[in-house]
Amino acid sequence: MPNNASALPSVGTRRRVAWVDSARCLAMFFIMWLHVGEAPFWIPRPVGGGICLFFLLAGYFMPREAARAAKRALGLGLAWAIWTFLTFGLYLLVWPGLEWTWARVLGYGAAAYNTPLWFLKNLTLYQLIIAGLVAVRILPRCNWLLVIVLAGMSYVKEPAQHEALRFDWMLAVMLGYSLRCVSLSSIEQWLQRHVWYVLAAIAFLLLQREFYPLFVKWQGLSYYRCSLPIAQFCYAVLMCLAAMGLARWFPRVNHAMAVAGGCMMFTYVTHTLLFALIYHYDMPRWCGFVYAAVGIALLTWLYRLLAARWPRVMNILTAR
């Protein structure tokens, strides 16, 4: 597969890599499909990989300097605060009959399962932690040591809800940050060169899920409540490989997906507001695949329209 690192049309000034944004779009599609309801039984598995991919990329593209990293984290925090206010207003004024709680609006606790604001909140805190570790010079000296420690702490008997601060999500951010020592083009070329070995390893690891019940039974753990971040990483890598394949064989499809992936934060944060009508008015959910595809296209168009008119406002809302 050829190296596809061409810049995409974007309202921002940051150079974007096509297959990376395409992988973001693919991850976002699975998540939105699950959120709209009535998704196939296998959808939750790649969804975990999609969330993992978001955190991996956030760590990889995180600024190296402590001051810039902290500024980036504070920008995410500001975006989270603004979206919290907007969400509260929409729930209270536009859909007064729709059930809401402060936990759902702010993105914390078990009630936050159907709002993406927990993602912004957690990512803000993870990046502040890394910025602090850089400031006291623990990082980058102990990158891989912290990755190993977090990997061990991620396998827990009673994992927290996905919106809580979790070791496996922090592991994904830390791993992405540590991989920054390798250029993105080098990672891409290595994956392309060893694609069949990578796929074989992923297939082997995912098949091991059949043997996990024996392992956790031996450990006295509960299979369905045991955190297994290795599967999340496998699905995240699969999404990257799928995006690289699209870049080679279906460049136009890849380009369209990459444009949508470049608007990922706006789409991810706003999509539950779009789908709130589906939940509230009990609209049919059997065509979740179509809802997700149309939703991504519609919100991408809306973002680019708003960004063309109010670029500074949209940059704040998406922490650019």
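This is a predicted model: local features need pLDDT of at least 70, side-chain atom pairs count only at pLDDT 80 or more; totals for chains, interfaces and linings use all residues.

A: Leaving aside residues up to four places away in sequence, Leu53 touches Ala23, Arg24, Ala27, Ala236, Met239 and Cys240. Leu53 also belongs to the largest nonpolar core, which has 82 residues. Within that core, the residues with the most contacts are Trp19, Leu53, Phe54, Phe55, Trp83 and Ile130.

The side chain of Arg24 meets that of Asp21 in a salt bridge, at 2.6 Å from N to O. Helix 1, which covers residues 18-35, holds both Asp21 and Arg24. They sit three residues apart there, about one turn of the helix. Are Asp21 and Arg24 buried or exposed? Both of them are buried. Here is a general idea to keep in mind: side chains of opposite charge can pair when their charged atoms come close.

How many salt bridges does the structure hold? The count is three, so let's visit the other pairs too. Asp168 and Arg166 join their side chains in a salt bridge of 2.4 Å, N to O. Asp168 counts as buried because its relative accessibility is 3%, under the 20% cut-off. Arg166, at 14% relative accessibility, counts as buried as well. Arg68 and Glu65 form a salt bridge in which the closest N and O atoms are 3.3 Å apart. In this pair, Arg68 is exposed because its relative accessible area is 51%, and the cut-off for exposed is over 50%. Glu65 has 40% relative accessibility, so it counts as partly exposed.

How many disulfides does the structure hold? The number is zero. Cys52 is in no disulfide, and the nearest cysteine sulfur, that of Cys234, is 9.5 Å away. Cys52 is buried, with a relative accessible area of 1%. What about Cys263? Its closest cysteine sulfur is in Cys25, and the 9.6 Å between the two sulfurs is too far for a bond. Cys263 is buried too, with a relative accessible area of 4%.

Now let's step back to the whole protein. Its secondary structure comes to 15 helices and zero strands. Of the 320 residues in the protein, 49% are buried. If you take the contacts with a separation of 6 or more, 75% of them are between residues 24 or more positions apart. The accessible surface comes to about 16200 Å², and carbon and sulfur atoms account for 69% of that surface.

Phe289 lies in helix 14, which runs over residues 288-309. With a relative accessible area of 46%, Phe289 is partly exposed.

Pro140 is found in the loop between helix 5 (117-135) and helix 6 (143-154). Arg137 is placed in the loop between helix 5 and helix 6. Phi of Arg137 is near 65 degrees, a positive value in a residue other than glycine. Arg137 counts as exposed, at 62% relative accessibility. Ala319 has a positive phi as well, of about 55 degrees, although it is not a glycine. You will find Ala319 in the segment after helix 15 (311-317). Ala319 is buried, with a relative accessible area of 9%.

Notes: Residues are numbered from 1 along each chain as its sequence is written. Side-chain values use heavy atoms; hydrogens and water are left out. A nonpolar core is a set of buried Ala, Val, Leu, Ile, Met, Phe, Trp, Tyr and Cys residues joined through side-chain atoms within 4.5 Å. Buried means under 20% relative accessible area, exposed over 50%, partly exposed in between (1.4 Å probe, protein chains only). Contact means heavy atoms within 4.5 Å. A salt bridge is a side-chain nitrogen of Lys or Arg within 4 Å of a carboxyl oxygen of Asp or Glu. Helices (H or I, at least four residues) and strands (E, at least two) are DSSP runs, numbered from the N terminus. A disulfide is a pair of cysteine sulfur atoms within 2.5 Å. Accessible areas come from the Shrake-Rupley method with a 1.4 Å probe; for residues, only the protein chains shown count as cover.
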